[in-house]
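User: I'd like to learn how to read strand pairing, a metal site and a cavity in a model. Could you walk me through them?

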Amino acid sequence: MPITIKTAADAQGMRVAGRLASEVLDMLTPHVVPGVSTEELDRLAHDHIVNVQGAIPAPLNYAPSGYTPYPKSVCTSVNHQVCHGIPNDRPLKNGDIVNIDVTVIKDGWHGDTSRMYIVGEGSIAAKRLCQLTYEAMWRGIAKVKPGVRLGDIGHAIQTFTERQGFSVVREFCGHGIGRKFHEEPQVLHYGRPGTLEELAPGMVFTIEPMVNAGRREIKELGDGWTIVTKDRSLSAQWEHTVLVTDSGYEVLTVSAGSPAPPELAAAA
Ligand code: MF3
Ligand code: CO
Ligand code: CO
């Protein structure tokens, strides 16, 4: 399957889906406090997506080949969990960091976004990791425009991250998105400038770097989904869905509560 090019009407559909996904994260923000369980957050998200937004939580029963169906409506990855953490009944505690990853389907279009939340008072190290990963994502987004190659995006993310002494997870990547949750291309968060696919207007893909405080190696838990760092170091991730425009990019997963882009992206 080649990379799909979205029409103006398609992009409008994806803008709506993207905003809805981001609004789920806005809605959850005040609930991410010490004592809440990730299962409670999943329930809140599920009910909001289905009953308020009239949309579908894409993760629920999602089953790529080789995987058992995903059992919940959002992913919640706590502390040394890298991605695809499954919500459970353990209460979050002061100082935990958690990534909440929301994907909604509205009128057949997918919007996919995640943010980091610090539960209560975070350590300086935890705050630094979350902040730096946010900037890493934006270093990638800021590169997006026609003519640029996917390797340029990966390189921007990797060099920034590694310069600060952190590591980039290699096994999971961003992805094309549209009528399907995961489309071509793969968007690696590392790479060499001038390599891989050239970007063209109408492409839509996610940028979602996973950054580890320690080594980049990961392993999968016995539940068949949860990915953790091998050395149990903290891991963070942020994700946006991005449209390639004629002159640059448009972030589709934005809403009233989206954190401000960093300085480096403010001009775009
Ligand atoms: N939202 C994740 C991504 O960014 C995918 C989660 S797959 C699931 O690609 F089944 F775990 F939900
Ligand atoms: Co994604
Ligand atoms: Co996601």
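User: In E5, which residue is the bridge partner of Lys-106?
Analyst: Lys-106 is bridged to Trp-109 in E5. Strands here are DSSP runs of at least two residues, and helices (H or I) of at least four, numbered from the N terminus; two strands pair if DSSP finds at least two bridges between them. Strand E4 and strand E5 (residues 109–118) pair in the antiparallel sense over ten bridges. They form a hairpin with two residues between them, and Asp-107 in the turn has a positive phi of about 50°.

User: What should I keep in mind about the numbering and the model?
Analyst: Residues are numbered from 1 along each chain as its sequence is written, while chains are lettered from A and ligands numbered from 1 in the order in which they are written. This is a predicted model, where local features need pLDDT of at least 70, side-chain atom pairs count only at pLDDT 80 or more, and totals for chains, interfaces and linings use all residues; side-chain values use heavy atoms, leaving out hydrogens and water.

User: Why is E4 largely enclosed?
Analyst: Buried means under 20% relative accessible area, exposed over 50%, and partly exposed in between (1.4 Å probe, protein chains only). Nine of the ten residues of E4 (residues 97–106) are buried, so the rest of the structure largely encloses this strand. Strand E2 (residues 75–78) runs antiparallel to E4, joined by four bridges, with Thr-76 partnered by Ile-100.

User: Which residues coordinate the cobalt ion (ligand 3)?
Analyst: Donors are N, O and S atoms within 2.8 Å of the metal (3.2 Å for Na, K and Ca); water is not among the atoms, so sites may look incomplete. Asp-101, Asp-112 and Glu-239 coordinate the cobalt ion (ligand 3) at 2.1 to 2.4 Å. The cobalt ion (ligand 2) lies 3.3 Å away from ligand 3, and Asp-112 coordinates both. Asp-112 lies in E5 and Glu-239 in the loop between strand E13 (235–237) and strand E14 (240–244), so the pair ties together parts 127 residues apart in sequence. Both Asp-112 and Glu-239 are buried.

User: And the cavity: which element gives the most to its lining?
Analyst: A cavity is a set of points, on a 1 Å grid over the protein atoms alone, where a 1.4 Å probe fits but cannot get out; lining residues have an atom within 4 Å of a point. In the largest cavity, E5 gives the most to the lining, with three residues. The lining includes Thr-113, Ser-114, Arg-115 and Glu-239.

How values were computed. 1 Å grid on protein atoms, 1.4 Å probe; cavity = no way out; pocket = protein on both sides within 12 Å on 5 of 7 lines; lining within 4 Å.
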